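This report describes a chain and its ligand.

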Amino acid sequence: MKRTKIAKLFDPALVGQEVSVKGWVRTRRGNKHVQFVALNDGSTIRNIQIVFDMAQFTDEQLKSVTTGSSVHVEGILVESMGKGQSYEIQARTLEIYGVADPEKYPLQKKGHTLEFLREIAHLRPRTNTFGAVLRVRSALAFAVHRFFQERGFYYLNTPLITASDCEGAGEMFQVTTLDLNDLPKTEDGKVDFSGDFFGKATALTVSGQLEGELGATALGEIYTFGPTFRAENSNTPRHLAEFWMIEPEMAFYDIHDNMDLAEDFVKYCINYALENCKDDIDFLSEMYDKELIERLRSVVDNSFARITYTEGIELLQNSGHKFEFPVYWGADLQSEHERYLVEHYFKKPVIMTDYPKEIKAFYMKQNADGKTVRGMDVLFPRIGEIIGGSEREENYDKLMARIEELDIPMKDMWWYLDTRRFGTVPHSGFGLGFERLVLFVTGMTNIRDVIPFPRTPKNAEF
Ligand code: 4AD
Ligand code: MG
(Lines give C-alpha, C1' and ligand atoms only; values in the text may rest on other atoms or scores of the structure.)
(Ligands and ions follow the chains in the order given, each with its own letter.)
Protein backbone atom coordinates (compact mmCIF):
# COMPACT_ATOMS: atom_id res chain seq x y z
CA MET A 1 0.00 0.00 0.00
CA LYS A 2 1.29 3.44 -0.92
CA ARG A 3 2.44 5.64 1.93
CA THR A 4 0.57 8.90 2.59
CA LYS A 5 2.59 11.74 4.07
CA ILE A 6 1.11 13.02 7.31
CA ALA A 7 0.74 16.51 5.83
CA LYS A 8 -1.75 15.06 3.34
CA LEU A 9 -3.77 13.12 5.92
CA PHE A 10 -5.83 15.96 7.32
CA ASP A 11 -8.33 15.66 4.55
CA PRO A 12 -12.04 14.85 5.01
CA ALA A 13 -11.99 12.88 1.73
CA LEU A 14 -9.71 10.29 3.33
CA VAL A 15 -11.96 9.60 6.33
CA GLY A 16 -13.01 5.97 6.44
CA GLN A 17 -10.19 4.92 4.13
CA GLU A 18 -7.27 2.65 4.81
CA VAL A 19 -3.98 4.59 4.91
CA SER A 20 -0.30 3.77 5.33
CA VAL A 21 1.95 6.10 7.32
CA LYS A 22 5.63 5.98 8.21
CA GLY A 23 7.48 8.17 10.65
CA TRP A 24 9.12 8.68 14.02
CA VAL A 25 7.31 8.31 17.31
CA ARG A 26 7.01 11.48 19.34
CA THR A 27 5.11 10.09 22.34
CA ARG A 28 3.20 7.06 23.49
CA ARG A 29 0.70 6.90 26.33
CA GLY A 30 -2.32 4.83 27.33
CA ASN A 31 -3.32 1.79 29.36
CA LYS A 32 -3.69 -1.93 28.92
CA HIS A 33 -6.79 -1.54 26.74
CA VAL A 34 -5.71 1.20 24.41
CA GLN A 35 -2.43 2.92 23.48
CA PHE A 36 -2.06 6.29 21.75
CA VAL A 37 1.00 7.15 19.68
CA ALA A 38 1.80 10.58 18.25
CA LEU A 39 3.64 10.07 14.97
CA ASN A 40 5.55 12.66 12.96
CA ASP A 41 7.16 12.21 9.56
CA GLY A 42 8.66 15.67 9.03
CA SER A 43 6.14 16.65 6.35
CA THR A 44 4.29 18.91 8.79
CA ILE A 45 4.53 20.22 12.32
CA ARG A 46 1.36 18.23 13.04
CA ASN A 47 1.49 14.70 14.45
CA ILE A 48 -1.06 12.07 13.57
CA GLN A 49 -2.50 10.19 16.51
CA ILE A 50 -2.49 6.44 16.12
CA VAL A 51 -4.80 4.36 18.26
CA PHE A 52 -3.80 0.80 19.11
CA ASP A 53 -6.61 -1.36 20.38
CA MET A 54 -4.69 -3.67 22.72
CA ALA A 55 -7.05 -6.53 21.94
CA GLN A 56 -5.30 -6.68 18.56
CA PHE A 57 -1.68 -5.95 19.57
CA THR A 58 0.62 -7.43 22.20
CA ASP A 59 2.41 -5.48 24.95
CA GLU A 60 5.61 -6.89 23.51
CA GLN A 61 4.91 -5.18 20.15
CA LEU A 62 4.09 -1.81 21.69
CA LYS A 63 7.09 -1.92 24.03
CA SER A 64 9.38 -1.02 21.13
CA VAL A 65 7.26 1.97 20.15
CA THR A 66 9.35 4.42 22.15
CA THR A 67 10.04 8.10 21.52
CA GLY A 68 12.28 8.37 18.47
CA SER A 69 11.56 4.88 17.13
CA SER A 70 10.61 4.58 13.47
CA VAL A 71 7.46 2.72 12.51
CA HIS A 72 5.12 1.89 9.68
CA VAL A 73 1.42 1.72 10.48
CA GLU A 74 -1.56 0.84 8.35
CA GLY A 75 -5.11 1.45 9.47
CA ILE A 76 -8.32 3.39 8.98
CA LEU A 77 -8.36 7.18 9.15
CA VAL A 78 -11.24 8.34 11.33
CA GLU A 79 -12.45 11.58 12.84
CA SER A 80 -11.14 11.83 16.36
CA MET A 81 -13.38 12.09 19.40
CA GLY A 82 -10.47 13.13 21.58
CA LYS A 83 -9.27 16.62 22.35
CA GLY A 84 -6.37 18.18 20.47
CA GLN A 85 -6.63 16.44 17.13
CA SER A 86 -9.18 16.22 14.34
CA TYR A 87 -8.21 12.87 12.84
CA GLU A 88 -6.60 9.69 14.05
CA ILE A 89 -5.70 6.31 12.64
CA GLN A 90 -7.10 3.09 14.05
CA ALA A 91 -4.12 0.83 13.63
CA ARG A 92 -4.50 -2.49 11.89
CA THR A 93 -0.81 -3.35 11.34
CA LEU A 94 2.40 -2.22 12.99
CA GLU A 95 5.90 -2.66 11.58
CA ILE A 96 8.89 -1.38 13.53
CA TYR A 97 11.87 -0.22 11.47
CA GLY A 98 14.23 0.86 14.24
CA VAL A 99 13.98 1.23 17.99
CA ALA A 100 15.39 4.26 19.84
CA ASP A 101 16.58 3.20 23.27
CA PRO A 102 14.80 5.45 25.82
CA GLU A 103 17.88 5.32 28.05
CA LYS A 104 20.06 6.78 25.30
CA TYR A 105 17.92 8.80 22.86
CA PRO A 106 18.45 12.44 23.90
CA LEU A 107 15.18 13.85 22.57
CA GLN A 108 12.71 12.74 25.18
CA LYS A 109 9.36 14.47 25.57
CA LYS A 110 10.35 17.45 27.68
CA GLY A 111 11.29 20.76 26.07
CA HIS A 112 15.02 21.26 25.54
CA THR A 113 16.86 24.55 25.45
CA LEU A 114 18.09 25.82 22.08
CA GLU A 115 21.62 25.79 23.52
CA PHE A 116 21.37 22.11 24.35
CA LEU A 117 19.91 21.34 20.94
CA ARG A 118 22.91 23.02 19.28
CA GLU A 119 25.08 20.35 20.90
CA ILE A 120 22.97 17.67 19.23
CA ALA A 121 22.49 19.45 15.93
CA HIS A 122 22.53 16.08 14.17
CA LEU A 123 19.23 15.17 15.86
CA ARG A 124 17.58 18.54 16.38
CA PRO A 125 15.75 18.49 13.01
CA ARG A 126 13.48 15.93 14.69
CA THR A 127 12.16 18.51 17.13
CA ASN A 128 9.10 20.65 16.43
CA THR A 129 11.15 23.83 16.48
CA PHE A 130 13.80 22.75 14.01
CA GLY A 131 11.31 20.93 11.82
CA ALA A 132 9.41 24.21 11.55
CA VAL A 133 12.53 26.33 10.96
CA LEU A 134 13.88 23.99 8.30
CA ARG A 135 10.58 23.81 6.44
CA VAL A 136 10.32 27.61 6.48
CA ARG A 137 13.92 27.84 5.26
CA SER A 138 13.15 25.51 2.38
CA ALA A 139 10.03 27.47 1.42
CA LEU A 140 12.00 30.72 1.49
CA ALA A 141 14.65 29.24 -0.81
CA PHE A 142 11.91 28.30 -3.25
CA ALA A 143 10.43 31.82 -2.97
CA VAL A 144 13.82 33.30 -3.85
CA HIS A 145 14.00 31.33 -7.08
CA ARG A 146 10.36 32.00 -7.87
CA PHE A 147 10.70 35.75 -7.38
CA PHE A 148 13.63 36.06 -9.75
CA GLN A 149 12.47 33.51 -12.29
CA GLU A 150 9.07 35.22 -12.54
CA ARG A 151 10.90 38.44 -13.40
CA GLY A 152 13.14 36.96 -16.09
CA PHE A 153 16.36 36.85 -14.06
CA TYR A 154 18.78 34.01 -14.81
CA TYR A 155 20.28 31.86 -12.08
CA LEU A 156 24.05 32.17 -12.41
CA ASN A 157 26.44 29.87 -10.57
CA THR A 158 29.58 31.69 -9.52
CA PRO A 159 32.72 29.90 -8.30
CA LEU A 160 33.25 28.98 -4.68
CA ILE A 161 37.01 28.84 -5.08
CA THR A 162 38.43 32.17 -6.14
CA ALA A 163 41.59 34.25 -6.21
CA SER A 164 39.91 37.61 -5.57
CA ASP A 165 38.68 39.19 -2.35
CA CYS A 166 35.48 40.94 -3.47
CA GLU A 167 34.80 42.78 -0.23
CA GLY A 168 38.48 43.55 0.33
CA ALA A 169 38.18 42.76 4.01
CA GLY A 170 40.83 40.02 4.00
CA GLU A 171 38.47 37.56 5.66
CA MET A 172 39.07 34.62 3.35
CA PHE A 173 39.60 30.94 4.09
CA GLN A 174 42.60 29.77 2.11
CA VAL A 175 42.31 26.77 -0.16
CA THR A 176 45.50 24.85 -0.81
CA THR A 177 46.91 21.41 -1.47
CA LEU A 178 50.40 22.47 -0.36
CA ASP A 179 51.85 20.53 2.55
CA LEU A 180 51.36 22.95 5.44
CA ASN A 181 54.16 21.27 7.36
CA ASP A 182 56.64 21.82 4.56
CA LEU A 183 55.74 24.94 2.59
CA PRO A 184 57.76 25.84 -0.53
CA LYS A 185 59.23 29.35 -0.24
CA THR A 186 60.20 31.98 -2.79
CA GLU A 187 63.56 33.75 -2.62
CA ASP A 188 62.13 36.54 -0.47
CA GLY A 189 60.84 34.02 2.04
CA LYS A 190 57.13 34.13 1.12
CA VAL A 191 55.08 30.99 0.45
CA ASP A 192 55.52 29.93 -3.18
CA PHE A 193 52.06 29.17 -4.53
CA SER A 194 53.25 28.45 -8.05
CA GLY A 195 53.31 24.73 -7.21
CA ASP A 196 49.90 24.87 -5.52
CA PHE A 197 46.88 23.20 -7.11
CA PHE A 198 45.77 26.31 -9.02
CA GLY A 199 49.26 27.71 -9.46
CA LYS A 200 48.40 30.67 -7.26
CA ALA A 201 46.93 31.51 -3.86
CA THR A 202 43.20 30.78 -3.73
CA ALA A 203 40.45 30.99 -1.14
CA LEU A 204 36.76 30.32 -0.57
CA THR A 205 34.60 33.11 -1.93
CA VAL A 206 33.23 35.91 0.27
CA SER A 207 30.81 36.96 -2.48
CA GLY A 208 29.87 35.99 -6.03
CA GLN A 209 29.33 39.61 -7.00
CA LEU A 210 32.33 40.18 -9.26
CA GLU A 211 31.46 37.20 -11.42
CA GLY A 212 27.80 38.18 -11.07
CA GLU A 213 28.63 41.50 -12.74
CA LEU A 214 30.08 39.57 -15.68
CA GLY A 215 26.78 37.68 -15.91
CA ALA A 216 24.64 40.82 -15.66
CA THR A 217 26.60 42.60 -18.38
CA ALA A 218 25.80 39.69 -20.69
CA LEU A 219 22.44 38.24 -19.63
CA GLY A 220 20.96 41.49 -18.33
CA GLU A 221 19.58 40.36 -15.00
CA ILE A 222 21.02 37.48 -12.99
CA TYR A 223 21.00 36.21 -9.44
CA THR A 224 23.26 33.90 -7.52
CA PHE A 225 22.23 31.82 -4.53
CA GLY A 226 24.95 29.84 -2.88
CA PRO A 227 27.27 29.29 0.04
CA THR A 228 29.55 32.12 1.07
CA PHE A 229 32.49 31.98 3.46
CA ARG A 230 33.90 34.59 5.80
CA ALA A 231 36.74 34.02 8.19
CA GLU A 232 35.66 36.94 10.36
CA ASN A 233 36.13 36.15 13.97
CA SER A 234 32.77 37.54 15.06
CA ASN A 235 31.01 35.39 17.59
CA THR A 236 27.63 37.08 17.35
CA PRO A 237 24.05 35.86 16.93
CA ARG A 238 24.11 37.34 13.38
CA HIS A 239 27.35 35.97 11.89
CA LEU A 240 28.27 32.62 10.41
CA ALA A 241 31.57 31.58 8.86
CA GLU A 242 29.57 29.73 6.19
CA PHE A 243 26.30 31.32 5.16
CA TRP A 244 24.11 31.47 2.07
CA MET A 245 23.80 34.62 0.07
CA ILE A 246 21.50 35.68 -2.74
CA GLU A 247 23.13 38.23 -5.04
CA PRO A 248 21.09 39.71 -7.88
CA GLU A 249 23.00 41.88 -10.34
CA MET A 250 21.23 43.97 -12.97
CA ALA A 251 22.39 45.88 -16.02
CA PHE A 252 20.75 49.29 -16.53
CA TYR A 253 19.60 49.64 -12.89
CA ASP A 254 20.51 52.71 -10.88
CA ILE A 255 20.46 52.84 -7.09
CA HIS A 256 16.72 53.64 -7.03
CA ASP A 257 15.84 50.65 -9.22
CA ASN A 258 18.09 48.62 -6.94
CA MET A 259 16.24 49.78 -3.82
CA ASP A 260 12.86 49.06 -5.39
CA LEU A 261 13.94 45.56 -6.31
CA ALA A 262 15.38 44.86 -2.85
CA GLU A 263 12.18 46.02 -1.18
CA ASP A 264 9.93 44.00 -3.50
CA PHE A 265 12.15 40.96 -3.09
CA VAL A 266 12.16 40.73 0.70
CA LYS A 267 8.46 41.51 0.87
CA TYR A 268 7.73 38.77 -1.65
CA CYS A 269 9.72 36.19 0.32
CA ILE A 270 8.11 37.10 3.64
CA ASN A 271 4.66 37.05 2.10
CA TYR A 272 5.37 33.69 0.50
CA ALA A 273 6.26 32.25 3.90
CA LEU A 274 3.13 33.75 5.49
CA GLU A 275 0.98 32.16 2.81
CA ASN A 276 2.70 28.80 2.59
CA CYS A 277 4.09 28.06 6.05
CA LYS A 278 1.14 28.95 8.23
CA ASP A 279 1.31 25.97 10.61
CA ASP A 280 5.03 26.38 11.18
CA ILE A 281 4.93 30.14 11.64
CA ASP A 282 1.94 29.84 13.99
CA PHE A 283 3.91 27.32 16.04
CA LEU A 284 7.07 29.47 16.17
CA SER A 285 5.02 32.51 17.08
CA GLU A 286 3.27 30.64 19.87
CA MET A 287 6.53 29.21 21.25
CA TYR A 288 9.04 32.02 20.85
CA ASP A 289 7.63 35.30 19.71
CA LYS A 290 3.99 36.35 20.11
CA GLU A 291 4.44 39.42 17.88
CA LEU A 292 6.01 37.50 15.02
CA ILE A 293 3.08 37.43 12.62
CA GLU A 294 2.16 41.04 13.24
CA ARG A 295 5.78 42.06 12.59
CA LEU A 296 5.95 40.08 9.34
CA ARG A 297 2.67 41.58 8.13
CA SER A 298 3.77 45.06 8.97
CA VAL A 299 6.93 44.67 6.89
CA VAL A 300 4.94 43.34 3.94
CA ASP A 301 2.26 46.04 4.17
CA ASN A 302 4.34 49.20 4.67
CA SER A 303 6.88 50.91 2.48
CA PHE A 304 10.43 51.04 3.82
CA ALA A 305 11.91 54.34 4.97
CA ARG A 306 14.70 55.62 2.71
CA ILE A 307 17.37 57.93 4.09
CA THR A 308 20.95 58.85 3.34
CA TYR A 309 23.78 58.02 5.68
CA THR A 310 24.25 61.73 6.37
CA GLU A 311 20.59 62.10 7.37
CA GLY A 312 20.91 58.99 9.51
CA ILE A 313 23.90 60.41 11.37
CA GLU A 314 21.98 63.63 12.03
CA LEU A 315 18.96 61.73 13.33
CA LEU A 316 21.18 59.73 15.67
CA GLN A 317 23.04 62.80 16.90
CA ASN A 318 19.79 64.65 17.60
CA SER A 319 18.11 61.64 19.19
CA GLY A 320 19.18 62.43 22.75
CA HIS A 321 19.85 58.71 23.08
CA LYS A 322 23.04 57.48 24.78
CA PHE A 323 24.89 55.06 22.51
CA GLU A 324 27.78 52.86 23.51
CA PHE A 325 29.68 53.64 20.28
CA PRO A 326 30.20 57.28 19.24
CA VAL A 327 28.15 58.73 16.37
CA TYR A 328 30.01 61.02 13.97
CA TRP A 329 30.08 61.47 10.21
CA GLY A 330 32.43 58.82 8.86
CA ALA A 331 31.75 56.22 11.55
CA ASP A 332 30.62 52.76 10.52
CA LEU A 333 27.18 52.29 12.05
CA GLN A 334 26.95 49.74 14.85
CA SER A 335 23.94 47.54 15.27
CA GLU A 336 22.74 49.69 18.22
CA HIS A 337 22.58 52.66 15.82
CA GLU A 338 20.82 50.71 13.09
CA ARG A 339 18.33 49.28 15.53
CA TYR A 340 17.60 52.68 17.04
CA LEU A 341 16.65 54.05 13.62
CA VAL A 342 14.61 51.01 12.64
CA GLU A 343 12.95 50.05 15.91
CA HIS A 344 12.53 53.40 17.68
CA TYR A 345 12.60 56.14 15.11
CA PHE A 346 10.98 54.84 11.92
CA LYS A 347 9.42 51.67 13.36
CA LYS A 348 9.86 49.97 10.01
CA PRO A 349 12.68 48.76 7.74
CA VAL A 350 15.07 51.47 6.59
CA ILE A 351 17.13 51.63 3.40
CA MET A 352 20.18 53.76 4.00
CA THR A 353 22.22 55.05 1.06
CA ASP A 354 25.21 57.23 0.17
CA TYR A 355 27.81 56.11 2.67
CA PRO A 356 31.29 57.57 3.14
CA LYS A 357 33.49 55.83 0.60
CA GLU A 358 36.04 54.91 3.26
CA ILE A 359 33.69 52.45 4.94
CA LYS A 360 32.47 50.76 1.76
CA ALA A 361 33.94 48.45 -0.90
CA PHE A 362 35.96 49.61 -3.93
CA TYR A 363 33.30 48.82 -6.55
CA MET A 364 30.60 51.24 -5.36
CA LYS A 365 29.68 54.13 -7.63
CA GLN A 366 31.26 57.37 -6.47
CA ASN A 367 29.03 60.39 -5.97
CA ALA A 368 29.88 63.82 -7.36
CA ASP A 369 30.68 65.10 -3.83
CA GLY A 370 33.89 63.04 -3.88
CA LYS A 371 33.09 61.78 -0.38
CA THR A 372 30.22 59.33 -0.63
CA VAL A 373 29.31 56.29 -2.68
CA ARG A 374 25.99 54.92 -3.91
CA GLY A 375 25.89 52.05 -1.48
CA MET A 376 22.71 50.89 0.20
CA ASP A 377 22.02 48.80 3.27
CA VAL A 378 18.57 47.49 4.12
CA LEU A 379 18.13 47.54 7.90
CA PHE A 380 15.54 45.36 9.59
CA PRO A 381 13.97 45.27 13.02
CA ARG A 382 15.77 42.79 15.32
CA ILE A 383 18.28 41.93 12.59
CA GLY A 384 20.06 45.13 11.63
CA GLU A 385 21.64 44.81 8.18
CA ILE A 386 19.84 42.20 6.12
CA ILE A 387 20.96 43.43 2.67
CA GLY A 388 24.05 45.25 1.45
CA GLY A 389 24.39 46.51 -2.10
CA SER A 390 25.14 49.41 -4.39
CA GLU A 391 25.11 50.93 -7.80
CA ARG A 392 28.47 49.94 -9.29
CA GLU A 393 31.19 52.28 -10.53
CA GLU A 394 30.91 51.71 -14.26
CA ASN A 395 33.48 54.32 -15.27
CA TYR A 396 36.81 52.63 -15.98
CA ASP A 397 39.03 55.54 -14.89
CA LYS A 398 37.17 56.19 -11.67
CA LEU A 399 37.15 52.51 -10.79
CA MET A 400 40.88 52.23 -11.55
CA ALA A 401 41.62 55.25 -9.41
CA ARG A 402 39.81 53.65 -6.48
CA ILE A 403 41.58 50.32 -7.00
CA GLU A 404 44.93 52.10 -6.94
CA GLU A 405 43.97 54.18 -3.90
CA LEU A 406 43.13 51.00 -2.02
CA ASP A 407 46.19 49.16 -3.34
CA ILE A 408 44.16 46.24 -4.67
CA PRO A 409 46.43 43.91 -6.67
CA MET A 410 45.65 44.82 -10.29
CA LYS A 411 46.85 41.66 -11.93
CA ASP A 412 44.05 39.72 -10.26
CA MET A 413 41.40 42.17 -11.47
CA TRP A 414 41.98 42.42 -15.24
CA TRP A 415 38.98 40.25 -16.10
CA TYR A 416 36.69 42.31 -13.88
CA LEU A 417 37.92 45.55 -15.42
CA ASP A 418 37.05 44.20 -18.87
CA THR A 419 33.36 44.80 -18.01
CA ARG A 420 34.25 48.52 -17.90
CA ARG A 421 36.51 48.32 -20.94
CA PHE A 422 34.06 46.72 -23.33
CA GLY A 423 30.55 48.13 -23.45
CA THR A 424 30.28 49.27 -19.86
CA VAL A 425 26.77 50.05 -18.57
CA PRO A 426 25.24 51.49 -15.43
CA HIS A 427 24.42 48.54 -13.21
CA SER A 428 23.56 47.65 -9.66
CA GLY A 429 23.13 44.72 -7.33
CA PHE A 430 22.88 43.62 -3.75
CA GLY A 431 23.39 40.67 -1.44
CA LEU A 432 20.81 39.27 0.95
CA GLY A 433 22.08 37.12 3.79
CA PHE A 434 19.72 34.17 3.57
CA GLU A 435 20.04 33.17 7.23
CA ARG A 436 19.23 36.71 8.34
CA LEU A 437 16.02 36.48 6.33
CA VAL A 438 15.24 33.09 7.87
CA LEU A 439 15.95 34.58 11.33
CA PHE A 440 13.51 37.36 10.69
CA VAL A 441 10.75 35.14 9.34
CA THR A 442 11.03 32.45 12.02
CA GLY A 443 11.45 34.83 14.95
CA MET A 444 14.50 32.92 16.14
CA THR A 445 17.19 35.04 17.74
CA ASN A 446 20.42 33.17 17.03
CA ILE A 447 21.66 32.57 13.49
CA ARG A 448 23.01 29.17 14.61
CA ASP A 449 19.40 28.03 14.90
CA VAL A 450 18.33 28.74 11.32
CA ILE A 451 20.93 26.72 9.40
CA PRO A 452 21.06 22.95 9.84
CA PHE A 453 24.79 22.71 10.59
CA PRO A 454 26.24 26.06 11.65
CA ARG A 455 29.89 26.92 11.06
CA THR A 456 31.19 29.47 13.55
CA PRO A 457 34.59 30.19 15.11
CA LYS A 458 35.82 27.03 16.88
CA ASN A 459 32.82 25.04 15.71
CA ALA A 460 32.67 22.73 12.72
CA GLU A 461 30.99 19.76 14.37
CA PHE A 462 28.66 17.51 12.37
O1 4AD B 1 27.19 43.59 2.93
P2 4AD B 1 27.90 42.41 2.35
O3 4AD B 1 29.27 42.11 2.81
O4 4AD B 1 27.85 42.65 0.77
C5 4AD B 1 28.42 41.87 -0.19
O6 4AD B 1 28.97 40.81 -0.02
C7 4AD B 1 28.17 42.38 -1.57
N8 4AD B 1 29.15 41.75 -2.47
C9 4AD B 1 26.76 42.11 -1.97
C10 4AD B 1 26.42 42.62 -3.34
O11 4AD B 1 26.31 43.80 -3.53
N12 4AD B 1 26.27 41.73 -4.31
O13 4AD B 1 27.02 41.09 2.57
C14 4AD B 1 25.69 41.05 2.11
C15 4AD B 1 24.78 40.45 3.17
C16 4AD B 1 24.73 41.24 4.47
O17 4AD B 1 23.83 42.30 4.38
C18 4AD B 1 24.27 40.18 5.44
O19 4AD B 1 22.87 39.99 5.37
C20 4AD B 1 24.93 38.92 4.90
O21 4AD B 1 25.25 39.16 3.55
N22 4AD B 1 26.16 38.59 5.64
C23 4AD B 1 26.25 37.61 6.54
N24 4AD B 1 25.33 36.73 7.00
C25 4AD B 1 25.74 35.83 7.92
N26 4AD B 1 27.00 35.74 8.40
C27 4AD B 1 27.96 36.60 7.96
N28 4AD B 1 29.20 36.50 8.42
C29 4AD B 1 27.60 37.59 6.99
N30 4AD B 1 28.27 38.56 6.35
C31 4AD B 1 27.38 39.16 5.52
MG1 MG C 1 27.44 45.01 4.36
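Helix 7 and helix 12 are oblique to each other, where oblique covers the angles left over once those under 35 degrees (roughly parallel), over 145 (roughly antiparallel) and 65 to 115 (roughly perpendicular) are set aside. The axes of helix 7 and helix 12 (residues 434–442) come within 8 Å and cross at roughly 125 degrees. Axes here are lines fitted to C-alpha atoms, for helices over the stretch in contact, with angles from 0 to 180 degrees between N-to-C directions. Leu292, Arg295, Leu296 and Val299 of helix 7 make the contact with Phe440, Val441 and Thr442 of helix 12; contact means heavy atoms within 4.5 Å. By class, this contact of helix 7 with helix 12 has 5 nonpolar, 1 polar and 1 charged residues. In that classification Ala, Val, Leu, Ile, Met, Phe, Trp, Tyr, Cys and Pro are nonpolar, Asp, Glu, Lys and Arg are charged, and the others, Gly among them, are polar.

The model is predicted, with local features needing pLDDT of at least 70 and side-chain atom pairs pLDDT 80 or more, while totals for chains, interfaces and linings use all residues. Residues are numbered from 1 along each chain as its sequence is written, chains are lettered from A and ligands numbered from 1 in the order in which they are written, and side-chain values use heavy atoms, without hydrogens and water.

The axes of helix 6 (residues 278–288) and helix 7 (residues 292–301) come within 8 Å and cross at roughly 120 degrees. Helix 6 is therefore oblique to helix 7. On the side of helix 6 the contact is made by Ile281, Asp282, Leu284 and Ser285, and on the side of helix 7 by Leu292, Ile293 and Leu296. The class count for the contact of helix 6 with helix 7 is 5 nonpolar, 1 polar and 1 charged residues.

Leu261 is found in helix 5 (residues 255–276) and is buried, with a relative accessible area of 6%. Buried means under 20% relative accessible area, exposed over 50%, and partly exposed in between (1.4 Å probe, protein chains only). Not counting residues up to four places away in sequence, Leu261 touches Phe147, Phe148, Phe153, Pro248, Met250, Tyr253 and Phe430. Leu261 and Phe430 are 169 residues apart along the chain, and their C-alpha atoms are separated by 9.5 Å. Cys269 also lies in helix 5 and counts as buried at 0% relative accessibility. Leaving aside neighbours within four places in sequence, Cys269 is in contact with Leu140, Ala143, Val144 and Leu437.

Ligand 1 is surrounded by 25 residues, of which the closest are Glu167, Gln209, Arg230, Glu247 and Glu385; a residue is near a molecule if one of its heavy atoms lies within 4 Å of it.

| Residue and atom | Ligand atom | Distance |
|---|---|---|
| Ser207, polar side-chain atom | nitrogen atom of ligand 1 | 3.0 Å |
| Glu232, polar side-chain atom | nitrogen atom of ligand 1 | 2.8 Å |
| Phe430, polar backbone atom | nitrogen atom of ligand 1 | 3.4 Å |

Glu95 is placed in strand 5 (residues 87–98) and counts as partly exposed at 38% relative accessibility. Residues up to four places away aside, Glu95 touches Ser70, Val71 and His72. The side chains of Glu95 and His72 are joined by a polar contact of 2.7 Å.

Phe252 has a positive phi of about 70 degrees although it is not a glycine. Its place is in the loop between strand 11 (242–251) and helix 5, and Phe252 is exposed, with a relative accessible area of 58%. Phe462, not a glycine either, has a positive phi of about 70 degrees. Phe462 is found in the segment after helix 12 and counts as partly exposed at 37% relative accessibility.

For the chain as a whole, there are 12 helices and 16 strands. Helices (H or I, at least four residues) and strands (E, at least two) are DSSP runs, numbered from the N terminus. Of the 462 residues, 49% count as buried. The C-alpha trace spans about 85 × 55 × 45 Å along its principal axes. Among contacts between residues at least 6 apart in sequence, 67% join residues at least 24 apart.

Methods. Polar contact = N/O pair within 3.5 Å; in protein donor to acceptor, adjacent residues only side chain to side chain.
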